[in-house]
Amino acid sequence: MENIITGKAFVLGNNIDTDQIIPAEHLVYSLTDQNESKKYGQFALSGVPISQSGLPDGGVHFIEGENHLSKFSIIIGGSNFGCGSSREHAPFALQKAGVKVIIAESYARIFYRNSVDGGFVIPFESSEKLNDKINTNDELEVDIENKLLINKTKNVSYKLKSLGDVLPIVSAGGLFEYARKSGMLEEAGE
Amino acid sequence: MGMTITEKILAKSARRAYLEPGENVWLNVDVLMTHDVCGPPTIGIWKNEFGSNAKIWDKNKLVIFPDHYIFTKNTHANRNVQVLREFADEQDLRNYYDVGTSRYKGVCHIALAEEGYNIPGTVLFGTDSHTCTSGAFGMFATGVGNTDAAFIMGTGKIWEKVPESMKFIFNGQMPGYLTAKDLILKILGDITTDGATYRAMEFDGEAIYSLSMLERMTLTNMAIEAGGMNGIIKADSVTNEYVKAITDKEYEIFQSDSDAKYHSIYNYDVNKIEPLVAKPHSPDNSDTVRNVEGTKLTKCYIGSCTGGKLTDFINAAKILFGQHVKIPTFIVPASTATAKELEDETFNGLSLKSIFENAGCKIAESSCAACLGGPDDTFGRAVDKDVVVSTTNRNFPGRMGSKKSEVYLASPLTVAASAINGFITDPRNFLI
């Protein structure tokens, strides 16, 4: 796991549900086919109403045109990020689009588990509301070990909450890697 | 210290005598359920992690219902069903309910009940957020993603954080104009869409125990809409009667201790609750039907695991009998058994199916259909600026299809009354 992650902020509101992260009509593509699975990147966050996409002003396309990679790699959310369905396609789509870290006030349980257990993105909880303090396009740095978010554009830093019990799973890179490391599972075997 | 029903069931599953909220425990899973949207990626992860020649932990405990994208020309969606078919064949799965055969059942959460997988005291995980529906049977049931499901498929185990419990007590006798849907919309308005995040929602009180199993499932179904890990109702004689008619499996009934500790307790008098809607674009955007009465609609929708059960259609038929709908009204029985019941069940001497047909409703085959939008050719899908009143569970932007559409969530009584007028209508206007 990288300790320092830098990137541009993409800021969203409260209650970003999984239909906004990846609309249900796109759930038909393969997640294992390297080429086809790029579609998940292409349509990541395409369900967010455009006025709410990239706060504070909105109107920012997370993905431009037919690309499958976004120029934004750090999502700043509000409360209850990832609510709605259990689709693991949601954190998968964000990873495919190049997102490394999400920082939100709170998460819906299944989205949080999927992010951690699948090793797709690191879901940090912020100690305070941040989606009214950080602007889309701000240059950010996340210091994972010190649980710190630095807004390099505004020269301000914020404390992040500890990953707590899930830190060993995040560090291992996912549930299967964690289970192998801790001896619960034997090596993947033929 | 006493324990709640959820804590007791999790303790049994974790082979522990006692546990407390906040502890992380490894659970032994009794049933794993998946479907056509999350099954194929789960199988992909499982094969990648356990090897292409691996066998699942217990083939009798894996249940697969294709139900989401079934009646579509979308080739990717059809390919996903083919993946399930081949996997069921390869693993010799007896609990696979293939579409296009007499075994096809329709929406997974209702089929789990009908096929005898919902057993009091057991632990069920599913790759669908509405897996919490099964908690109506006094069991622990919750949704997980593909990675967690693949882990269960290989090991039969999964980690879970023991939730704190919230208790919702409904006192009084249910008035005829009120349904379980109104009760859960009431809770959602009060505690919001993250009011129960990572917690158990326990429903109790005489009004709850007066409900049929199908109505109870409406309540537990929407626990996830408050962020709940699970919804649960202690098994009683109604539960026993339903379960014992289907299966002779032995089971243990758990109930909360009188000194069990709760995060919070809410008390309601059902006679003080009015028919409710959730306005666009959130299930917690609660209002009374009276307050939004007259809102112009373009579509009505009665279906899904939440509002497509026999009891939902009986309620709708009470209002639609002898009437004619003013706007397109879509009827989607949740399960194939429900579809059959629409032909057999009568109201005032007419089958429910005839009542709906005479009223001008369109009736589809069982599936999840437009509850979650789906491919372009999905029955009842919201298009353009549709304004829909629906018995389904979510109304986030774009949930039923078009991002420009607006969805109101309501009871089947309210949806049926609204279909007749073409605008949102209080069912009490038709229930005198």
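Helix 12 of chain B passes helix 15 of chain B in a right-handed crossing. This crossing, like everything below, belongs to a predicted model. Helix 12 covers residues 310-320 of chain B, and the two helices pack at an angle of about 35°, with their axes 8 Å apart. On the side of helix 12 of chain B, the residues that meet the partner are Asp312(B), Asn315(B), Ala316(B), Ile319(B) and Leu320(B). By class, the contact of helix 12 of chain B with helix 15 of chain B consists of eight nonpolar residues, one polar residue and one charged residue.

Helix 15 of chain B runs over residues 412-421, and Ile420(B) is part of it. Is Ile420(B) buried or exposed? A residue counts as buried if 20 or more other C-beta atoms lie within 10 Å of its own. Ile420(B) has 20 C-beta neighbours inside 10 Å and therefore counts as buried. Leaving out residues up to four places away in sequence, Ile420(B) touches Gln323(B), Val325(B), Lys326(B) and Thr425(B). Ile319(B) is 101 residues from Ile420(B) along the chain, and the C-alpha atoms of the two are separated by 8.8 Å.

The table sets out the two pairs.

| Helix pair | Angle | Distance between axes |
|---|---|---|
| Helix 12 and helix 15 of chain B | about 35° | 8 Å |

Helix 2 of chain B passes helix 5 of chain B in a right-handed crossing. From helix 2 of chain B, the residues in this contact are Pro41(B), Thr42(B), Ile45(B), Trp46(B), Glu49(B) and Phe50(B). They meet Asn146(B), Thr147(B), Ala149(B), Ala150(B), Met153(B) and Gly154(B) in helix 5 of chain B. Seven residues of the contact of helix 2 with helix 5 of chain B are nonpolar, four are polar and one is charged.

The next level is the domain. Chain B is divided into domain 1 (5-248 + 263-267) and domain 2 (277-429). The centres of the two domains of chain B, taken over C-alpha atoms, are 24 Å apart. How many residues of domain 1 of chain B are in contact with domain 2 of chain B? There are 36 residues of domain 1 in contact with 38 residues of domain 2 of chain B. Helix 4 (108-114), helix 6 (180-191) and helix 8 (213-221) of chain B each supply at least two residues of the side of domain 1 that touches domain 2. This side of domain 1 of chain B has 14 nonpolar, 14 polar and eight charged residues.

The two chains also touch each other. Their contact takes 37 residues from chain A and 41 residues from chain B. Helix 1 (18-21), helix 4 (109-117) and helix 6 (175-181) of chain A each supply at least two residues of the side of chain A that touches chain B. Which helix of chain A gives the most to this side? Helix 4 of chain A does, with five residues. The side of chain A that touches chain B is made up of 13 nonpolar, 14 polar and ten charged residues.

Some details of the backbone remain. The peptide bond from Leu55(A) to Pro56(A) is cis, with omega near 10°. Pro56(A) is placed in the loop between helix 2 (38-42) and strand 2 (72-76) of chain A. In chain B, the peptide bond from Pro280(B) to His281(B) is cis, with omega near -5°. His281(B) sits in the loop between strand 11 (276-278) and strand 12 (286-288) of chain B.

Asn15(A) is a residue other than glycine with a positive phi, near 55°. Asn15(A) is found in the loop between strand 1 (4-11) and helix 1 of chain A. With 23 C-beta neighbours inside 10 Å, Asn15(A) counts as buried. Arg15(B) is not a glycine either, and has a positive phi of about 55°. Arg15(B) lies in the loop between helix 1 (5-13) and strand 1 (24-28) of chain B. Arg15(B) is exposed, because 10 other C-beta atoms lie within 10 Å.

Methods. Residues numbered from 1 in each chain as written. Chains lettered and ligands numbered in written order. Predicted model: local features only at pLDDT ≥ 70, side-chain atom pairs only at ≥ 80, totals over all residues. Left-handed = near helix turned anticlockwise from the far one by under 90°. Helix = DSSP H or I, 4+ residues; strand = E, 2+ residues; numbered from the N terminus. Contact = placed C-beta atoms within 7 Å. Nonpolar A, V, L, I, M, F, W, Y, C, P; charged D, E, K, R; others polar. Domains from an automatic or database assignment. Buried ≥ 20, exposed ≤ 12 C-beta atoms within 10 Å, placed from the backbone. Axes fitted to C-alpha atoms, helices over the stretch in contact; angles between N-to-C directions.
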